[in-house]
Structures are given as C-alpha cells and as structure tokens.
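Open the model in your viewer and keep the selection tool ready.

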Amino acid sequence: MLIFDQSRPGRRGVIPAAAPDHALSDIPEHLRRRRAAPLPEVSELQVVRHYTRLSQKNFAIDTHFYPLGSCTMKYNPRICHRLASLPGFLARHPLAPETISQGFLACLYDLQEMLREVTGMQAVSLTPMAGAQGEFAGMAMIRAYHVARDDHARREVLVPDAAHGTNPATAIMCGFTIREIPTDGNGDVDLAALRQAVGPQTAGLMLTNPSTLGVFERQITEIAALVHDAGGLLYYDGANLNAILGKARPGDMGFDVMHMNLHKTFATPHGGGGPGAGPVAVNARLEPFLPIPFVGKDGERYRWLSEADRPQSIGRLSAFMGNAGVILRAYIYARMLGRAGMGRVAEYSTLNANYLLAELAKAGFDPAFPHRRASHEFIITLKRQAKTLGITAMDFAKRLLDLGFHAPTTYFPLLVPECLLIEPTETECREELDGFVAAMRQIQQEAENSPEQVKGAPHHRPVRRLDEVRAARDMDLAWRPAES
Amino acid sequence: MPFIPHTPDDVRAMLAAIGAPSLEALFDEIPPALRIGELPALPEALNERQVTRLMEQRAADDPSPLCFLGAGAYEHHIPAAVWEIASRGEFYSAYTPYQPEASQGTLQVLYEYQSMMAGLTAMAVSNASLYDGGSALAEALLMAVRANRKSKSKRILVPRTLHPLYRRAARAIVHNQGLELIELPYDPTGGHTPAAALAPYAGQDIAALVIPQPNFFGVLEEVDALTDWAHRQQALAVAVVNPTALAVLAPPGEWGEAGADIVCGDGQPFGAPLSSGGPYFGFLCCRQEWVRQMPGRLVGRTVDLDGKPGFTLTLQAREQHIRRSKATSNICTNQGLMVTAATLYLALLGPHGLEQVAAASHANTRALVEQLTRTPGVSLAFDRPVFHEAILKLPRPAGEVLEGLLAHGVLGGFDLSGEYPELGDALLVCATETKDAEDLRRYAAALAETL
C-alpha cells in the first residue's frame, strides 16, 4: 500500500505554525498555485508506521551479509553518524563566514592531509559528491592540463574492457572519445594492445587497481611508463582502494590523479543509493586544476581556497561544498583507524576474500582466475552450472536472498560469463563467511536435485522476481490522484 | 581492533585454509618496490571516547548565530520523525536497490518520492535524485540539448538572476561538451528577467531558456511569458525552482500555454539540515516525452511472477552500468538517503503543512523587510514581489555590516558585492518559518546599532 492510499482529506501530520491571514496577498494571482499539491494527508503515526514497515523490507549491512563486489559494503560505524550529526555541524550554513567555521574547516583540512598521505599524492579536493563526480573531476583536470599546454590533439581516453561503466561515460562527459583495451588471459591489461593504442592522440588511461576482476595489475609500472612516454596521464579509479589501503599507494604506482569513494573505503553509509563522496587527489602537475572549494591553512587559520587562489581550477562541481556531512563521517572513521588501522583494512579485507575464495573452490565452485591471488574481492563463474544444469548466476543470486544473504554483484565485469563478483570486506567475521559458503553449497545441491527451487527464487521475500519488461513498457513512474 | 572481528585463532585457521603463511603473503602480487611501511605522518588512532571529545570540541568551535542567510540553503524546521526513521539501519546502510526483491523498502520510498515531486511540479516524471541543485542544472542543460531535436545549437540562455554558484557549477560541468551559456541581464527596477532581455535572441537557434522561480534575488519571475517565449523559439523551458515555494506558486508544468519542459532544483528545504552545504539532493522532473533522455535512476511499479505489485529500477538502458559510453550521464551513486528524508518530510507535512511553511516564510520575510527598512538608509532594491528572500540596499558596505551583525549573534545574509557589484552595498536576506517576531526584532535592533 502506498502512503497516498492512506490519505484522507483534512488529516494532518506535523503541524507547523500557521501563517497570518492573507500572507500571500501580495503575490499576483497568475503566479499562484491554483490547486493544492497532491501530497498525502496522513497522521504522524501513519507516516512512522508506513516507513518503518518499508524499511523492514530492505536488506542492509545492519541486517544481512552484503558481499557486493566493487561496492565495499563494510560496517558503517554508528559513532560516525552520531558525531557528524552534532548540532554545531548540522546548523552550519554553507556560506557562513570562515571566522565562525574554523572547527568544520579543521576537519576538512585534516582529512585532506590524511588522504594525501595514504594515496601518495600531492594535493586533495574533497568536493566531488560521488565516485562518478570524482572521475569527472579527474578527467576534466586531464583535459584542462592538455589544453593549458596547447596540446589539443589529445582527445582519446584508453579504458580497459573490465572497467566500471562510469569510466567511459565520464570520459564522454569530458569531451573525450574512448578506446577499449583488452584484458589478457591472466586478468592483466594486454600490454601489446596498449602499446599499439598509445600515441599523440592519447589523453590518458583510466585504470582500477586491483581491477574489477579482483586481481592486482602486476605490470602497473610498465603501463605507467608506456602512457607517460606517449604524453598521456594516468587516472586511478579508487573503487577498489580498500584492497591496498595502507599497503600500496596510487601515487607511487605512477598515477597522476585519482578519486576515492568515501562511501566504500571510509565506511560512510550507502543510504540506499547515496549520498557518497568522491574526493580527488592529484600529483604536482595537476594541482593547479583541482576543483574548488577546498581548504588551505595560513598559520593557524583555515580558509577556503576558491577562484582567486586557483585561477586554473576546473571550477565548482556543486553549489557549495559537496557532501560535507559525508566527509565528516569519513574523517571520524579515518581518525579511529589512525596510522596502524589503515593497513589493517587491506589486510583483513584481503584475508576474508581469499578465505572465502578458497572455501568456495573447495565446495566445487570455479574461480575465474584460479592461479591468481585474490585482492579484496574475487570472481567465481557459474558457466558450468549454466551449461549443465541450466542454472544461471542470476538464479544463484536470487536464491541467496531466500537464504538470508544479499547477492554478490552479478554479470559484472562483462568479460567473465555467468559471474559473481564477491567482496566480503574486513568487517565480516569468519562464521558469516562460512554461512555464505554453506548457502552456496545448498544452492548447488538444489540446482542438481530440485532446480525449480532455484529457478523460481526468491520464494520468501516480500516479492518474487519482478516483470522488468512490463516496468519499462508500461512506465508507471508516479502515482497520480484519481481525478486527474 | 576496531571494526575487525578476527581473533588470532581465526587468522591462523583462515590462513591455513588459504595456504598462505602470513597476512603479508596475501600481497605477494604487488611488486615489492610499490609496498609501503607504516605512514608516519598519519595520526595515532583515537577510540570512541577520544574521537567524541575531538568532534564535540570542533563542533563547539563554530557558533550558530541567528540565521537570516539563505542564498540557496534554507533553515527549516525538520520534524523529529524525519531523521528518526531515515537513520534506521535498514535505510542508512542499504545499497542501491539493484536486487529489487531485497530492496522493496527503498524502491517504494523512491517511487513515492517521484510521485510527490511529479505532483508538486505538475510534471509527468521525476527521477530518483541527482547530487545537488547546481549539478542538477548541469544535467538538465545537457538533457535539454539532447532532447531538443528542433535545435541544432547548444546555446542556452541563462538569466543573471539565476544563483551565481549554480551558473558556475553548470558551466564547469557542461563546457567540455561544447554547450554555450549566454547570460541575460535583469531589470534594474524589478530584479526580474524582462522581455527586453530576450529580444536580441528572437529568431535565433536557442536550445533552451533557463527560468528561475523565485530567482536568486528572491524575486518572482514572469514565468508564463518566459515559458511561452521559449516555446515560440522552439527552445525548451528549463525551470529552476525552490521546492518549498511550489506549495504556493504555480507549478512549472502549468507555466504559460504548454508548461515547462524540464524542472530542476535543490531539495535541501525538504528535510536536509544546512550541514555546511551537503548532503542535499538535486531533483529533476520532465515531460513524459523526454523520459529516455533523463539521467539518473528511475523506479517503476510493476508486478512479480505471482502478479503481486512491486517496484524495480527501470529504463536502465539510459545508465552507465548498461550503456557505458552511450549513457545519458555518468551518474551512479545519487542522494538516496536524502530523498528518503524528503519523502518523510513531505508525508509528515502534507499539502497544507507545506503551504503553511511556505506562507509563513513569505510572511516572515515581508515582516523582516518592513522592519529593517525602517532603519534610515536601508531600502528595498527591487519593487517586484518576492518569495522568502529580498535584497536590501545599505548605506555602508555589506561586508562591514555583516561583521557588525555577527558581533550581535546575527548571521545577517549574503553580501552581493562580489557577484553583483553593480548593486552597490546590497544584502540578500531570508526569514523562514523558523523565525518568530522576537527574532525579527533582534535583527532589526542589531542592524540599527550596527549602522
């Protein structure tokens, strides 16, 4: 039932102070709304009950193991939420003067410095509001760099075929064209193909390392040299930074610019699809182009750096300061990890991934790259099950929902057939991983003995598989009042 | 170890299962030259009590004066139930609803949100959110250029009355795709975009006209005439609106003869705290005919295998994870939790509550202006009606006046000298429904003393 179905004319929820009579008398009639907006008229209890019940139809980290590959669904510490919600932080207006903003600016400045250190980069801007906007900022900086050098021919961006979809989409938004680079049989970039692709048209290469195949790109130093020698720059997609945090740094690998997903590596919540935060870090040659605003320090005083300080900046990506509240949560988490905690993130996320991979292999599942070490995530392919039993990766994913586990990422990356991309994160305990393996074993047995149990799954969720063709064809995208 | 559950026994058993001698061995595919040791510049870890003390101190360092500053971010009362429910772990710690059977809660919230926004704007479709108002405008302009097949140009008319930071963000985001943003002057008496500003472009190939309502000065634009002008030129009308104002102002879908084509703005007034600028959310609505040009996620209602109603992400062929380089945008993560809060906010207030918030904000701003302009040398800059902001001319530089007000515990508004030097000593003020008569008197007294 929708909230609209519970509406009754004249019923009220929270009642604000009444406006004086004729409050709107100075607004000309033709600029006024003629009919009340079609919002629900419900009581406060109805609202609380309706949305509490809806929340209970969700899987979430707080309720279920959520091993979505490339999404880093780790625990979101409660303390980060509580402290970012202190009244002083919530009440601060984005345009409040610096004199009454030193506490907030200090948090941002500290986080910039910490991220600089863990990435091995020269400078950081926190303003991008999600990973894709961080990618945009990075590629726009690469574009601005070449333009500033009058190198207008560099309009092509190289993207491995295993890349996230945001990579090519971002390059297009920045006015580039795309050339795909294939992956070799071991999951590394095909160096011969890359050698052939680079040239005076190359603006840069976008790379995720470890890649979306769940393995570390071992030839990264050679790749960086190839691209740099051709005059291009290297972009690091930080989606998988969790795998190397405190163990290796993109700056040392030769990357010129990168983004981080604070809602992955730094434990801020995903909120059912956001908000995230996608800070960018750059080396010295791209520093003049960083997006504004970010925070500088003069003596003991923090201040915004804006257009006047950074005339070559690619500009502003939002009206104010990105997702400031998300940045605060990440800062709190980073301070709790501290120096020793950064490396533990990589160690235990990698331990969990390799353990889960080993146990699934023992249970008879096929790793996509059996001779490689897993990073913080790995791929198994269900090609064999699809061929012999007619049970697909989608069927496994849906049956997992019945057994109390969120599905891994399915059908991505595109180059591994019938794949599950599995990322357990460091915050899961061993028993939870063992439970997941047991569920996978059970589904395998069902696939062999009672396949309809798997093909028809889920059976025990609020809905069964949905008719997505109908959703796209009939396009019911909004409830409408009956009279219109 | 904070947030890591492994006991020493776990680690031993797990390494044995893997066949690795140590945790370090798990990184043996990273070339040794790239491995790092501990990073000395990072601070030592803080425990929960220590980090609480640090953050409480930082929050306390920033006083919260009585706020009459708007300029795109507005202090409104947020009912307690909004964040009590939105912060539930089932909403807070869920991912994008790619597995609909395990995400019906988030999906239905998004569908209800889309419905509320479509109703408020009187448009057919709303997406499930973009990042903020500035970036939503950028996406709206890119969408307008894609959608307007009658125009071969990428030229877009943008009034100077539009928020200056929106104009900058939009420019930064769209300029690499060759869009040309042409600024339109405003009427020096009314503070609106007059017909005369459009006249030079009559008959030219223009892809879209941006129409703010209210505009950055708080002033109400003649939206019907602007919309009709755009359509006569075969340009799309892109509305940028304050969502609270929609409770009392004509919705964009009813502007002029045919209504606006695309509507965007910042949803912050619907349940998002000021919070230094974010997270807020951008909203984007459009006519049915442009839906396939829309960026961002869309939720649709459908049925499951048993014919039971349910919700799912739909029209994903527009999006980067399917279409890659041919997607309508690169956006992936959006502002889902903020939209959850907005849905709760709108459900709690209902049509009449929202109307009261809008009307009280309007009335408070009028009362504030009336009181402040009693101070000698202070006058209204423009003579047209406003929503909940207005520009005052001052006898002294606004920066100095704001400093003086701050000493009285009043955050007095936005200094326009940087963005609109031609206005002279001018200040943009805002009084929402959160202010009572005593607050207005306090501002007036502080201003009188400061001047």
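Select His22(A) to begin. It counts as exposed because 9 C-beta neighbours lie inside 10 Å; a residue is buried if 20 or more other C-beta atoms lie within 10 Å of its own, exposed if 12 or fewer, and partly exposed in between, with C-beta atoms placed from the backbone. His22(A) lies in the segment before helix 1 (44-55) of chain A. Helices (H or I, at least four residues) and strands (E, at least two) are DSSP runs, numbered from the N terminus. The phi of His22(A) is positive, about 60°, although the residue is not a glycine.

This is a predicted model, in which local features need pLDDT of at least 70, side-chain atom pairs count only at pLDDT 80 or more, and totals for chains, interfaces and linings use all residues. Residues are numbered from 1 along each chain as its sequence is written, while chains are lettered from A and ligands numbered from 1 in the order in which they are written.

**Backbone exceptions**

Most residues other than glycine have a negative phi, and most peptide bonds are trans. Go next to Ser275(B), a residue other than glycine whose phi is positive, near 45°. Is Ser275(B) buried or exposed? Ser275(B) counts as buried, because 26 C-beta neighbours lie inside 10 Å. Ser275(B) sits in the loop between strand 7 and strand 8 of chain B.

Pro279(B) is in the loop between strand 7 (262-266) and strand 8 (282-286) of chain B. Select Gly278(B) with Pro279(B): the peptide bond from Gly278(B) to Pro279(B) is cis, with omega near 0°. In chain A, select Ile292(A) and Pro293(A), where the peptide bond is cis with omega near -5°. Pro293(A) belongs to the loop between strand 7 (280-282) and strand 8 (294-298) of chain A.

**A sheet and a helix in chain A**

Four strands form an open sheet here in the order 10-11-13-12, with antiparallel pairing; two strands pair if DSSP finds at least two bridges between them. Strand 10 (366-367) and strand 12 (409-410) of chain A stand at the edges with a single partner strand each, so one side of each has no neighbour in the sheet. Strand 12 of chain A runs antiparallel to strand 13 (residues 419-422) of chain A, and 2 bridges join them. Thr410(A) has Leu420(A), in strand 13 of chain A, as its bridge partner.

Two residues are in contact if their C-beta atoms, placed from the backbone, lie within 7 Å.

Then pick Ala447(A) in helix 14 (residues 430-449) of chain A. Ala447(A) is buried, with 23 other C-beta atoms within 10 Å. Not counting residues up to four places away in sequence, Ala447(A) touches Gln385(A), Leu389(A), Ile391(A) and Val454(A).

**A hairpin and a helix in chain B**

Select strand 9 (residues 299-303) of chain B, where 4 of the 5 residues are buried. Strand 9 pairs with strand 10 (residues 309-313) of chain B in the antiparallel sense over 5 bridges. Val299(B) stands opposite Leu313(B) in strand 10 of chain B. The two strands form a hairpin with 5 residues between them, and Gly307(B) in the turn has a positive phi of about 80°.

Move to helix 13 (residues 437-450) of chain B. Its buried residues are Leu440(B), Tyr443(B), Ala444(B), Ala446(B), Leu447(B) and Thr450(B). The face turned away from the buried side carries the exposed residues Ala437(B), Glu438(B) and Glu449(B).

**Last stop**

Show both chains. The contact takes 164 residues from chain B and 167 residues from chain A. Helix 11 (residues 336-372) of chain B gives the largest share of chain B's side, 21 residues.
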